[in-house]
Amino acid sequence: MFTIIYIMGKNAVVLLPGLQNILSELGENIRLARLRRGFSTELVAERAGISRATLWSVEKGSPSVAMGIYISVLNALKLEKDILLVAKDDELGHKLQDLKLPVRQRAKKTGK
């Protein structure tokens, strides 16, 4: 297994290949959403308050771009609410939570 390292300034962003694939798919989905709307890179970049170069980095799925920039681009595409779907149906988390829930026991009936 290897990692992909992106250098931005003094900070290095290290991602496992599977995570980079997910980020690349997110960038591609953002690009496709822009194209479906018929928006130019100039328009989306202007609406998001970023440069076209940064938008290209977003659409490539660059891990060196801040999450806030991704959300700004989603907002420019009117997709900002899609970010709320992340981890909404957390099946593994719910299963783990259920395993830790205490099982209530019924109180013993008192005889009358």
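This is a predicted model: local features need pLDDT of at least 70, side-chain atom pairs count only at pLDDT 80 or more; totals for chains, interfaces and linings use all residues.

Tutor: Residues are numbered from 1 along each chain as its sequence is written, and side-chain values use heavy atoms, with hydrogens and water left out.

On a 1 Å grid over the protein atoms alone, a cavity is a set of points where a 1.4 Å probe fits but cannot get out, whereas a pocket is an open set with protein on both sides within 12 Å along at least five of seven lines; lining residues have an atom within 4 Å of a point. The largest pocket holds about 150 Å³ of space, a volume being the space filled by probe spheres set on the points, which are joined across faces, edges and corners.

By class, seven nonpolar residues, one polar and one charged make up this lining. Here Ala, Val, Leu, Ile, Met, Phe, Trp, Tyr, Cys and Pro count as nonpolar, Asp, Glu, Lys and Arg as charged, and the others, Gly among them, as polar. Helix H1 (residues 17–37) contributes the most to the lining, with three residues; helices (H or I, at least four residues) and strands (E, at least two) are DSSP runs, numbered from the N terminus.

A nonpolar core is a set of buried Ala, Val, Leu, Ile, Met, Phe, Trp, Tyr and Cys residues joined through side-chain atoms within 4.5 Å; buried means under 20% relative accessible area, exposed over 50%, and partly exposed in between (1.4 Å probe, protein chains only). Among the 18 residues of the largest core, Ile30, Val44, Val73 and Leu77 touch the most other members. Two or more residues each come from H1, helix H2 (41–48), helix H3 (52–60) and H4, and H4 gives the most, with four. Leucine 77 is in contact (heavy atoms within 4.5 Å) with Ile30, Ala33, Arg34, Arg37, Phe39 and Val44, leaving aside residues up to four places away in sequence.

Lysine 78 sits in the loop between helix H4 (67–76) and helix H5 (91–100). Lysine 78 is exposed, at 66% relative accessibility, and has a positive phi of about 60° although it is not a glycine.
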